[in-house]
Amino acid sequence: MKILGIESSCDETACSVVEDGKTVLSNIVASQIDEHRLYGGVVPEIASRRHAENITWVTKAALEEANCTMEDIDAVAVTYAPGLIGALLVGVSFAKGLAMSANKPLVPVHHIAGHIAANYISHPELKPPYLCLVVSGGHSHIVEVLDYSRYHVIGRTRDDAAGECFDKVARTLGFEYPGGKFIDNAAKSGDPNAYKLPHPKVQGSEYDFSFSGLKTAVINLVHNAAQKGETVNVNDMAASFQNTISDILVDKAMLAAKDLGYITIGLAGGVSANSGVREKLQKACDKRGYKLYMPEFKYCGDNGAMIALQADEQMKALTALQRCRWIGFRNNLMDKPVRKIIRLENYDYSKNGLYFITICTVHKNELLWATDVGDGA
Ligand code: KG4
Ligand code: ZN
């Protein structure tokens with residue numbers, strides 16, 4: 001089975017063809033980062049426009065590199081949420097049109113489920129259940145991966161995501177957006193114990209994260225130094241920050257693993273490229289005899305291969321099941337139940353608009369998955 005995976009949730013227009021859930025035949029990523037960098041962050045309107053300009057050639061290039069035409073493709077997969085609404089809409093609308101015109105099934109994939117699936121590309125032996133630490137620009141989750149598309153989020157950030165914290169600290173230290181990888185580089189020549197930074201605690205939930213206090217501590221140290229006419233040592237601060245945030249992430253993941261009895265651990269999301277996080281998590285897992293899986297560097301950030309991979313698992317789970325399209329209301333694949341389902345023919349577009357368009361898959365009147373565009377969860 002060949003799946004074409006499309007990703008457009010943020011600032012990367014990406015498309016990939018993956019065969020049988022393991023062989024990546026092509027992986028094209030068009031990054032808009034040079035343009036967003038001018039503004040110090042992703043500008044949603046610019047992102048949507050660039051996706052609209054790029055998506056056709058990126059998809060064509062992915063098909064060409066894979067030596068395929070749409071005839072050879074068995075299903076079109078697309079990221080439906082979470083992400084920037086305009087950016088998602090470009091990918092979803094394009095994928096819907098492509099799937100419909102080529103008469104192929106359309107498989108909706110949750111972006112975080114995609115990041116988690118990036119591990120299956122290099123580690124086909126990794127099988128649920130396991131515990132996954134998901135750290136990206138928008139999310140910091142500890143997730144029980146119960147099955148290929150069944151998850152239980154047991155910890156999440158109360159404020160900034162880990163990647164966001166990396167990027168804000170990087171900006172304070174004078175690095176360009178997105179600064180995660182610059183911190184990573186600078187940290188290599190810095191002293192991780194040069195600055196003492198806080199390990200914020202989250203009252204009431206031991207698996208939740210809070211990074212805003214850590215970010216503020218770095219900002220205050222830099223500003224206070226500037227007021228005194230001093231400067232902080234950028235490499236030392238980068239190393240101290242990376243050391244602290246890695247400790248926080250690893251400590252919580254290890255605590256959750258111990259409490260819930262997991263001995264297989266995964267790491268996923270853009271921040272999984274961070275050498276400090278990778279090293280510390282590897283050491284912690286080795287010490288406890290846990291097996292750790294991390295994505296290859298090229299699949300840490302947003303890409304279409306992870307979306308196609310996850311779609312392959314979703315398709316396998318649905319073999320021989322009836323697929324049809326419904327319209328429903330907000331739901332969250334991760335752990336919340338679908339609230340309300342309405343049949344397509346009963347949906348009043350004039351009243352409800354198109355925002356809540358949901359693609360659902362049902363079998364014997366039982367809802368298996370439902371997705372909507374723009375759910376920010
Ligand atoms: O998963 P991703 O590509 O996009 C989202 O889904 O958000 O993650 C992007 C984030 C950015 O915050 C970026 O700075 C961070 O991943 N990142 C890193 C590194 N490479 C990317 N953070 C720390 N160290 C890195 N080497
Ligand atoms: Zn991502």
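Biologist: What does the secondary structure of the protein come to?

Modeller: The model, which is predicted, has 11 helices and 14 strands.

Biologist: And how many of the residues count as buried?

Modeller: Of the 377 residues, 54% are buried. The protein exposes about 16400 Å², with 51% of that supplied by carbon and sulfur atoms.

Biologist: What about contacts between residues at least 6 apart in sequence: what share join residues at least 24 apart?

Modeller: That share is 70%.

Biologist: Where do His 111 and His 115 sit, and what separates them?

Modeller: They belong to helix H4, residues 111-122. Because they are 4 residues apart in that helix, about one helical turn separates them.

Biologist: Are they buried or exposed?

Modeller: Both His 111 and His 115 are buried.

Biologist: Changing topic: where is Cys 165?

Modeller: Cys 165 is in helix H5, which covers residues 162-172.

Biologist: Why does Cys 165 count as buried?

Modeller: Its relative accessible area is 0%, and buried means under 20%, so Cys 165 qualifies.

Biologist: What is Cys 165 in contact with, beyond four places in sequence?

Modeller: Phe 211, Lys 215, Phe 241 and Ile 245.

Biologist: And how far is Cys 165 from Gly 180?

Modeller: They are 15 residues apart in sequence, and their C-alpha atoms are 8.6 Å apart in space.

Biologist: Which helix holds Asp 167?

Modeller: Asp 167 also lies in helix H5. Asp 167 is buried and has no salt bridge.

Biologist: What is the nearest side chain of opposite charge to Asp 167?

Modeller: Lys 181, at 8.8 Å. A salt bridge needs the charged atoms within 4 Å.

Biologist: So which residues does Asp 167 contact, leaving aside sequence neighbours within four places?

Modeller: Tyr 177, Pro 178, Gly 179 and Gly 180.

Biologist: Last thing, confidence. What is the average pLDDT?

Modeller: The protein averages 86, and 84% of the residues score at least 70. Over residues 319-345, though, the pLDDT is below 50, and that stretch has 77 contacts in the model beyond near neighbours in sequence.

Biologist: Where else does pLDDT stay under 50?

Modeller: Over residues 352-360, where the model has 41 contacts beyond four places in sequence.

Methods
Residues numbered from 1 in each chain as written. Chains lettered and ligands numbered in written order. Predicted model: local features only at pLDDT ≥ 70, side-chain atom pairs only at ≥ 80, totals over all residues. Heavy atoms only, no water. Helix = DSSP H or I, 4+ residues; strand = E, 2+ residues; numbered from the N terminus. Buried < 20%, exposed > 50% of the residue type's maximum accessible area, 1.4 Å probe, protein only. Contact = heavy atoms within 4.5 Å. Lys, Arg positive; Asp, Glu negative; His and termini not counted. pLDDT = per-residue confidence, 0-100. Areas by Shrake-Rupley, 256 points an atom, 1.4 Å probe, with all protein chains shown as cover.
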